[in-house]
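Me: I'd like to learn how to read the features of a structure, one at a time. Could you walk me through this one?

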Amino acid sequence: MARISTLYLLAYNSFQAIGWAVSLTIILFNLLSTSSVTGTFTSAGTLICFLQSAAFLEVIHGAIGLVPSGVLLPMLQWSGRTHFVLAIVRGIPEVQELPSVFITFLAWSIGEEDDRA
């Protein structure tokens, strides 16, 4: 059973790392092609919303003991980030073009990709 869980975690982390690397590439390409931080949500928002929503599995991993992180800290991180991206950024079109969205998405992409590599 340990081998199956290790393979699953390897696949999950690889999927997330590739996804965040792709989002970083999209964000940087958008920045270079437009010379602007606006358009970040339009170009990478759907992928980031998906990756962040899929990160709920990290809460499940802790809940079933697959990883030693527990439930509370992953739940707090997931819920805060998901609320920001889905309820605030995706839900309020005026927010989508703010530089803070660019900065947040860039930081998440760099941090998540590096954390999983």
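Me: Which residues does UniProt list for "transmembrane region"?

Reply: Happy to start there. This is a predicted model, where local features need pLDDT of at least 70, side-chain atom pairs count only at pLDDT 80 or more, and totals for chains, interfaces and linings use all residues. Residues are numbered from 1 along each chain as its sequence is written, and side-chain values use heavy atoms, with hydrogens and water left out. UniProt positions are given in the numbering used here, feature names are shortened, and annotations may be inferred rather than shown by experiment. The unreviewed UniProt entry lists residues 7–32 and 44–73.

Me: What helix content do residues 44–73 have?

Reply: Helices are DSSP runs (H or I, at least four residues), as are strands (E, at least two), numbered from the N terminus. Residues 44–73 are 70% helix and 0% strand, with end C-alpha atoms 26 Å apart. For residues 7–32 the figures are 100% helix and 0% strand, and the end C-alpha atoms lie 37 Å apart.

Me: Is Arg81 buried or exposed?

Reply: Buried means under 20% relative accessible area, exposed over 50%, and partly exposed in between (1.4 Å probe, protein chains only). Arg81 is buried at 11%, and Glu112 is buried at 10%.

Me: How many aromatic pairs does a search of the whole structure find?

Reply: Rings of Phe, Tyr and Trp (its six-membered ring) pair if their centres lie within 6.5 Å; planes under 30 degrees apart count as stacked, over 60 as edge-to-face and the rest as tilted. The search finds six aromatic pairs. The ring centres of Phe15 and Phe50 are 6.0 Å apart with planes at 85°, so that pair is edge-to-face. Phe15 belongs to helix α1 and Phe50 to helix α2 (residues 40–54), 35 residues apart. Ring pairs also link Phe41, Phe84, Phe105 and Trp108 into a cluster.
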